[in-house]
Amino acid sequence: MKNFFCFLLLGLISLNVSAQDAKAKAILDKVSEINKQYKSIKAEFTFSMDNEEEDIHEISDGSILLKENKYKLQLMGVDTYFDGTTQYSHIIDAEEVSIKEPDEDEDEALNPAKIFSIYENGFTYKYVNEVSENGKKLHVIDLFPTDEERGFTHIRLKIDQATNQISALKSVGKDGNDVSIVLKKLTPNVSLTDKDFVFDTAANPDVDVNDMR
């Protein structure tokens with residue numbers, strides 16, 4: 001779920017994909033161009049997962065910090081840090097942190113900074129329509145994975161026409177799990193240092209450390 005979530009979240013922050021629909025491509029190129037100009041990003045969002053058949057309805061607020069190839073993700077009681085080399089997963093209620101160095105394949109899936117290369121060849125897309133929600137005019141675009149082994153049929157994006165930012169996305173899962181992310185606030189060029197992407201063990205002496213490096 002964590003790998004899949006990181007993959008989805010970058011839909012809120014930037015896109016750079018290749019496919020057939022010219023109108024969709026022009027819109028997505030604007031989204032990508034704007035966000036790639038930012039030196040850093042803070043995004044606040046609402047994350048939800050629904051499965052009607054299993055009567056599962058979960059919702060949680062979260063946030064992410066991004067700078068270069070580093071990130072800090074806060075979601076569902078877990079703070080995940082990545083400093084470009086090492087990943088720290090802090091389970092807050094359990095007072096436990098796991099430390100590891102992701103291998104190349106895992107790093108591609110988890111690191112939001114590297115998601116751009118995944119998008120370039122991973123999707124086709126189609127412009128669906130234009131809708132109005134909460135006083136905003138939104139473009140609706142569907143992304144379809146070219147890899148049939150992906151766990152979802154498509155991802156629906158809603159893009160604010162005024163800001164060229166993605167306001168929401170929904171992944172329709174093949175297993176009945178539909179994952180949605182709604183952007184509440186995006187702040188570019190926030191002041192961040194390398195310390196923001198490392199779990200401070202010295203400042204948390206009561207946390208059990210599981211170092212798997």
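How much space lies in the largest pocket? The largest pocket holds about 470 Å³ of space. The structure is a predicted model, and its protein chain comes to 4 helices and 12 strands. The 12 strands form an open sheet of mixed pairing.

**The largest pocket**

- The lining consists of 23 residues, of which Ile-166, Ser-167, Ala-168, Val-182 and Leu-183 are the closest to the centre of the pocket.
- Four strands are named as giving two or more residues each to this lining: β8 (136-145), β9 (152-160), β10 (165-173) and β11 (178-188).
- Strand β11 supplies the largest share of the lining, with 7 residues.
- Sorted by class, the lining contains 9 nonpolar, 8 charged and 6 polar residues.

**The sheet and the helix across it**

- Across the open sheet, the strands follow the order β7-β8-β9-β10-β11-β1-β2-β3-β4-β5-β6-β12.
- Strands β7 (123-133) and β12 (208-211) each have a single partner strand and stand at the edges, so one side of each is left without a neighbour in the sheet.
- From one strand to the next, the twist averages 15°.
- Helix α2, residues 22-36, lies across β1 (40-51), β7, β8, β9, β10 and β11.
- The direction of helix α2 is at about 85° to that of β7.

- Strands β4 (residues 78-82) and β5 (residues 87-91) run antiparallel and are joined by 5 bridges.
- Within this pair, Thr-80 stands opposite Ser-89 of β5.
- Strand β5 also pairs with β6 (residues 96-100) in the antiparallel sense, over 5 bridges.
- Strands β5 and β6 form a hairpin with 4 residues between them.
- Strand β6 is joined to β12 by 4 bridges, and these two strands run parallel.
- The bridge partner of Ile-99 is Asp-211 in β12.

**Residues with positive phi**

- Most residues other than glycine have a negative phi.
- Which residue in the turn of the β5-β6 hairpin has a positive phi? That residue is Glu-95, with a phi of about 50°.
- Glu-68 is a residue other than glycine with a positive phi, near 55°.
- Glu-68 is placed in the loop between β2 (56-67) and β3 (70-75).
- The relative accessible area of Glu-68 is 58%, and the residue therefore counts as exposed, the cut-off being over 50%.
- Asn-134, which is not a glycine either, has a positive phi of about 55°.
- The loop that holds Asn-134 lies between β7 and β8.
- Asn-134 has a relative accessible area of 79%, so this residue is also exposed by the cut-off of over 50%.

**The chain as a whole**

- The protein chain has 213 residues, and 45% of them count as buried.
- Among contacts in the protein chain with a separation of 6 or more, 53% are between residues 24 or more positions apart.

Methods
Residues numbered from 1 in each chain as written. Predicted model: local features only at pLDDT ≥ 70, side-chain atom pairs only at ≥ 80, totals over all residues. Heavy atoms only, no water. 1 Å grid on protein atoms, 1.4 Å probe; cavity = no way out; pocket = protein on both sides within 12 Å on 5 of 7 lines; lining within 4 Å. Points joined across faces, edges and corners; volume = space filled by probe spheres on them. Nonpolar A, V, L, I, M, F, W, Y, C, P; charged D, E, K, R; others polar. Pairing = 2+ DSSP bridges. Axes fitted to C-alpha atoms, helices over the stretch in contact; angles between N-to-C directions. Contact = heavy atoms within 4.5 Å. Buried < 20%, exposed > 50% of the residue type's maximum accessible area, 1.4 Å probe, protein only.
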